[in-house]
Amino acid sequence: MGAQKSIHAGKAKIDVNVDFTHKLCASLMLPSLRNTGSPLSLIIGSLCIKHPNLFGGSEKLDVSWDKGLSDSNVSITYRRPRPEWLCQKCFVIQHSFSPEIGVHGTPIDNFSRSGSGDVNLSRLSVGLDRNEPASSDWSSSTSIKFEHVQLVNDDGRSITRDIDGFPVTCSGSPHDSMLVLKQESQCAKANDHSFSRFSMQIEQGIPILSKWLIFNKFKFTATKGVKLGPAFLLASLTGGSIVGDMAPYQAFAIGGLGSVRGYGEGAVGSGRSCLVGNSELTFPLSKMLEGAFFVDCGTDLGSGRLVPGNPAMRQGKPGSGVGLGYGLRFKSPAGHFQVDYAINSFQQKTVYFGISNLI
């Protein structure tokens with residue numbers, strides 16, 4: 001369902017990947033919620049260009065472009081060689097474009113899907129990443145980046161308000177600017193019978209100029225996996241909060257695959273805070289096939305009304321929800337296929353398809 005190709009041009013390497021799979025899966029799940037426009041919108045793919053010795057001193061340059069159904073991401077990364085025991089630094093320029101469905105999308109079909117809210121996020125960031133040498137269990141990274149965020153509608157025009165007339169930026173203009181200091185830390189431990197992982201992410205907006213956003217945002221994820229005979233139990237808890245200046249697009253969106261299954265993206269709620277719990281029990285059915293039972297739950301902790309414009313209340317989102325269901329996991333050398341059947345608190349059923357690592 002896809003094609004991959006690697007090309008060597010001198011010392012540079014070009015990787016091309018074109019994949020129709022996700023589009024086919026999406027068409028099986030639900031009718032298109034947006035106009036596909038052109039045949040190119042049917043393609044999901046990536047292009048990566050790597051140069052291992054840009055100026056003759058082992059400097060590395062990576063240029064990548066990823067295209068989804070309605071989103072895209074372009075990244076340029078430059079690294080200078082440093083000993084492995086020292087922190088690794090890189091200069092990054094990145095531009096991303098994605099529909100803001102999690103916050104501004106409209107829940108439909110008893111919250112099992114989310115339609116377009118005619119709000120899209122265009123984000124340009126420029127800055128430095130610093131990765132500390134990993135210890136036995138801990139790893140950490142720090143970055144400082146300038147971000148320019150612009151909101152546009154589905155026609156590509158800059159907007160300052162959503163379809164209900166409420167501001168979509170913090171500044172009230174078509175864009176927000178901010179200087180963000182970000183710290184990420186992760187601890188992981190594993191043995192033959194279990195594993196555990198804890199990660200923490202903290203972002204601080206630094207107001208160099210008076211119009212730049214000042215805020216503090218943190219998010220954590222704690223995960224535990226345990227073998228139960230031939231079965232495997234995986235449980236995780238994710239939470240976060242933001243204080244200070246805030247635009248609606250910075251809210252925590254709850255619902256969807258990777259959050260609370262049985263709901264559309266952001267259909268449970270969007271708030272200044274969130275708490276999401278997931279548990280899944282997988283068990284072997286054959287050498288390459290596994291079955292799964294899962295329960296997901298999430299809440300905005302009553303913080304939806306604190307988001308500017310209160311988009312969650314205007315869209316009738318419940319603020320909390322539970323999803324449960326079962327699924328299949330097929331693993332092969334060619335790739336992984338996953339299908340989940342979930343039901344939410346409103347008795348609405350949803351089927352999720354996922355395919356990865358296809359040759």
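Biologist: In which strand is Val126 found?

Modeller: We are looking at a predicted model, where local features need pLDDT of at least 70 and side-chain atom pairs count only at pLDDT 80 or more, while totals for chains, interfaces and linings use all residues. Residues are numbered from 1 along each chain as its sequence is written, and side-chain values use heavy atoms, leaving out hydrogens and water. Helices (H or I, at least four residues) and strands (E, at least two) are DSSP runs numbered from the N terminus. On that scheme, Val126 belongs to strand β9.

Biologist: Is Val126 buried, partly exposed or exposed?

Modeller: Buried means under 20% relative accessible area, exposed means over 50%, and partly exposed lies in between (1.4 Å probe, protein chains only). Val126 has a relative accessible area of 31%. That value makes Val126 partly exposed.

Biologist: Which strand gives the most residues to the nonpolar patch on the surface?

Modeller: The patch includes Leu47, Trp65, Phe91 and Val126 among its residues. β3 (44-51), β5 (72-79), β6 (88-99) and β9 (120-131) each give two or more residues to the patch. The top contributor, with 3 residues, is β9.

Biologist: How many disulfides does the structure have?

Modeller: A disulfide is a covalent bond between the sulfur atoms of two cysteines. The search takes a pair of cysteine sulfur atoms within 2.5 Å as a disulfide. Cys48 is buried at 18% relative accessible area, and Cys87 is buried at 9%. Across the whole structure, the number of disulfides found is 0.

Biologist: Is Ser273 buried or exposed?

Modeller: Ser273 lies in strand β17. Beyond residues up to four places away in sequence, its contacts (heavy atoms within 4.5 Å) include Gly240, Phe252 and Leu301. With a relative accessible area of 14%, Ser273 is buried.

Biologist: What share of the protein chain's residues count as buried?

Modeller: The protein chain has 3 helices and 21 strands. Of its 359 residues, the buried share is 37%.

Notes:
Patches are made of residues with over 30% relative accessible area and no salt bridge: like charges are joined within 9 Å, nonpolar side chains (Val, Leu, Ile, Met, Phe, Trp, Tyr) within 5 Å. Accessible areas come from the Shrake-Rupley method with a 1.4 Å probe; for residues, only the protein chains shown count as cover. A salt bridge is a side-chain nitrogen of Lys or Arg within 4 Å of a carboxyl oxygen of Asp or Glu.
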